[in-house]
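Okay, thanks for coming, everyone. Let me put the model up, and then we'll walk through a few spots.

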Amino acid sequence: MSTKRWVPSRFNAISKMENGELVLYNSYTGAIASISAEEKSEVMSALKKEGITGNLPENIQALVELGFLVPETVDEDSRASFLHQSLHRTDTMHLILFPTEACNFRCTYCYQTFPQGKMKPEIREGFKRFLEQKAGSLQHLNISWFGGEPMTAFDVIGELSESILKTVKKHNIHYSAEMSTNGYLLTEESFRSLLSWNIRRFMITLDGNAEIHDSRRFLTGGGKTFDRIIENLKAIKDLEEDFEIFIRINFDEDNLNEIPTFLTYLGNLFGKDPRFQIFTRPVGRWGGSNDGDLPICDSRVAETKIWEFTEYGLNSELNMSSSIESALMPTGSVCYAAKPHSFAIGADGQLYKCTCSLDEDFNKVGNLLPDGSMEIDYDKLALWVTSGEEKDAVCQSCFYRPACQGNHCPLYRFRTGNRPCSYEKRKIKQVLRLIWQQNSLNKGDETNESNQTSRFSTSSR
Ligand code: SF4
Ligand code: SF4
């Protein structure tokens with residue numbers, strides 16, 4: 001008989017479902033598993049602090065394979081530190097491009113000042129050269145189109161995308177791309193072009209029904225936007241292609257009570273189509289000139305409402321954003337601003353780490369030059385990439401450490417001195433329940449009927 005002892009990982013979280021099942025999560029492996037009511041007591045017994053020895057039955061062996069049980073000799077803190085080193089991989093790069101910093105909207109809570117128009121031709125050439133120079137050492141490239149409103153510079157997106165596609169093909173690089181857009185210019189025709197450029201994930205904000213949305217998210221100079229965005233989304237829904245559209249709903253005290261009705265409306269339009277997914281967030285004081293007047297929610301209300309609305313969305317047959325489950329994966333909650341090989345490139349070639357504090361000097365970490373080189377201020381860069389768990393003992397002992405690394409929002413930590421714990425971590429039990437609920441809805445009763453430890457989501461690390 002084996003004398004090896006297995007103990008529960010300190011990166012586990014457990015959530016109990018109303019029907020007696022359990023959902024287990026491990027932030028180091030990214031495994032999420034459902035445990036049937038019949039298996040529950042055996043599994044809970046194996047996960048007791050004192051651990052388990054001997055030859056393990058098949059279902060308990062599965063807990064080892066998924067990382068819920070680890071050998072008692074394992075130093076999990078060293079594993080977490082090692083995982084942190086993976087952010088320094090030089091074969092992976094994430095770039096956030098501002099094809100323009102201008103916007104066709106003026107949202108009440110916006111923090112941007114729109115100083116630059118379209119990306120200058122010499123910066124576009126600089127970007128192409130930069131990528132060509134880097135490409136030989138890259139395996140993964142992720143591009144996020146941002147702004148301003150990126151779709152007002154559709155020609156720049158096209159020009160750069162064609163160049164990116166040529167480069168990634170030549171160097172056999174795995175390439176993915178996404179876009180944050182207000183959706184106003186997202187016609188079926190332009191959407192087809194975006195898909196042909198491999199831009200397949202979109203974040204579009206709608207803040208409520210037409211009246212509410214139009215009072216908060218109007219055109220520059222005034223003018224309604226809701227009906228046109230909805231018409232665009234309906235036309236896109238008729239396409240056969242694969243894509244993901246996260247419909248982001250920003251809420252505050254003013255629109256809070258209207259969100260459930262709005263979710264029902266969205267459910268009628270996009271329910272049961274897994275390509276359309278909802279994502280709700282409280283409006284914050286993000287640095288805009290209107291900040292003092294914003295009716296933001298109390299933080300406790302905000303935290304509760306995010307998940308209440310998500311559940312309401314699920315009950316309206318809407319999927320929740322896949323970004324929520326992705327956030328639970330190893331390094332999944334680390335902001336790009338904390339990653340050494342991630343830069344935001346402004347329309348004038350200015351390099352930033354964070355996309356929310358564009359006017360702050362400490363966020364201006366360098367410049368992209370027309371010859372394709374990057375001039376970087378390494379002291380400023382170091383500030384962003386070393387401000388997390390390295391110096392924070394509480395983060396080091398947190399069960400969510402591998403997912404967050406104390407780096408969910410470096411800016412929040414700089415500004416407040418507090419830990420930037422993510423909404424997912426703060427309500428992890430509820431989030432696991434929602435993930436379970438979504439999986440149950442999408443897969444029928446497959447997980448409910450299983451007698452085996454069922455792995456329905458794992459990391460691809
Ligand atoms: S540092 Fe914070 S505010 Fe800036 S991009 Fe990251 S999460 Fe957003
Ligand atoms: S910031 Fe919060 S969630 Fe992230 S590692 Fe630290 S304590 Fe954990």
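The shell is Cys335, Ala337, Cys354, Thr355, Cys356, Cys409, Pro410, Leu411 and Tyr412, each with its C-beta atom, placed from the backbone, within 6 Å of the ligand.

Housekeeping: this is a predicted model, where local features need pLDDT of at least 70 and side-chain atom pairs count only at 80 or more, while totals for chains, interfaces and linings use all residues. Residues are numbered from 1 along each chain as its sequence is written, with chains lettered from A and ligands numbered from 1 in the order written.

On pLDDT, the predictor's confidence in each residue from 0 to 100, the protein chain averages 91, and 94% of its residues reach 70 or more. Residues 445-461, though, are below 50.

Next, is Val156 buried or exposed? Val156 is buried, because 23 other C-beta atoms lie within 10 Å; the cut-off for buried is 20 or more, exposed is 12 or fewer, and partly exposed is in between, with C-beta atoms placed from the backbone. Val156 and Lys118 sit 38 residues apart in sequence, yet 7.8 Å apart in space, C-alpha to C-alpha.

How values were computed: Two residues are in contact if their C-beta atoms, placed from the backbone, lie within 7 Å.
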